[in-house]
Amino acid sequence: MSHDEAAEELSALSIPIRSSRNCSDRRRLGCTSLEQVRRDTICFIKKFKEDCGCSFAITGGTETGHSTRGQRSHEKGYKLDISRNAKVDAYIKNNFHQKGERWNKGKQEPVYEDGNGNEFALESDHWDITAMLC
């Protein structure tokens, strides 16, 4: 899926895309790109927004700078980062089960999972979401 296609679908639900450099170039640090994101990933984020009823922004996508390890990476279009706020945090913690923790930058952080294998890893200032199914 192209960045513009994904951005248009997210915009229809008032989901903004934020980057520190106000750009969407996949190869440039500080940009937030949705180039080559999976359709299921965008579909899942839209469904999450509708179910949660909360506001958030996409803060990380397929751009360079994320870990490329594993089958389901940012680079391969499975993961998106979304901004944190009290409503998003509460929705994830109250509706999904904590499946464990993972180490991130020397710190253990909780990982939640819904019934379809979609994961929500809490990082300091955002949720790292791995979308398996819409």
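Colleague: Which residues does His-126 touch, not counting residues up to four places away in sequence?

Modeller: His-126 touches Thr-59, Asp-81, Ile-82, Arg-84 and Ala-121, where contact means heavy atoms within 4.5 Å. Before we go on, please keep in mind that this is a predicted model, in which local features need pLDDT of at least 70 and side-chain atom pairs count only at pLDDT 80 or more, while totals for chains, interfaces and linings use all residues. Residues are numbered from 1 along each chain as its sequence is written, and side-chain values use heavy atoms, with hydrogens and water left out.

Colleague: Where is His-126 found, and why is it called buried?

Modeller: His-126 is found in strand E6 (residues 126-130); strands (E, at least two residues) and helices (H or I, at least four) are DSSP runs, numbered from the N terminus. Buried means under 20% relative accessible area, exposed over 50% and partly exposed in between, with a 1.4 Å probe and protein chains only. His-126 has a relative accessible area of 13%, so it is buried.

Colleague: What makes the pairing of the His-126 side chain with the Asp-125 side chain a polar contact?

Modeller: A polar contact is a pair of N or O atoms within 3.5 Å; within protein, one must be able to donate a hydrogen and the other to accept it, and residues adjacent in sequence count only if both atoms are side-chain atoms. The contact between His-126 and Asp-125 is side chain to side chain, at 2.8 Å. The side chain of His-126 also makes a polar contact with the side chain of Asp-81, at 3.5 Å.

Colleague: How far apart are the C-alpha atoms of His-126 and Arg-84?

Modeller: They are separated by 4.9 Å, although the two residues are 42 apart along the chain.

Colleague: Which residues meet where H1 packs on H2?

Modeller: From H1 come Glu-5, Ala-6, Glu-9 and Leu-10, and from H2 come Arg-39, Ile-42, Ile-45 and Lys-46. The residues of this contact divide into four nonpolar, no polar and four charged. Here Ala, Val, Leu, Ile, Met, Phe, Trp, Tyr, Cys and Pro count as nonpolar, Asp, Glu, Lys and Arg as charged, and the others, Gly among them, as polar.

Colleague: What makes H2 and H3 roughly perpendicular?

Modeller: H2 and helix H3 (residues 86-95) pack at an angle of about 95°, with their axes 11 Å apart. They are therefore roughly perpendicular to each other. Phe-48, Asp-51 and Cys-52 of H2 make the contact with Lys-87, Val-88, Tyr-91 and Ile-92 of H3. Those residues divide into five nonpolar, no polar and two charged.

Colleague: Is Phe-48 buried or exposed, and how do you know?

Modeller: Phe-48 has 3% relative accessibility, so it counts as buried. Leaving out residues up to four places away in sequence, it touches Gly-53, Phe-56, Ile-82, Val-88, Tyr-91, Ile-92, Phe-96 and Phe-120.

Colleague: And Ala-12, buried or exposed?

Modeller: Ala-12, in the loop between H1 and H2, counts as exposed because its relative accessibility is 65%.

Colleague: Lastly, why is Ser-83 called buried?

Modeller: Ser-83 lies in strand E2, and its relative accessibility of 11% makes it count as buried. A polar atom of the Ser-83 side chain lies 2.9 Å from the backbone nitrogen of Ala-57.

Technical notes: Axes are lines fitted to C-alpha atoms, for helices over the stretch in contact, and angles run from 0 to 180 degrees between N-to-C directions. Angles under 35 degrees count as roughly parallel, over 145 as roughly antiparallel, 65 to 115 as roughly perpendicular and the rest as oblique.
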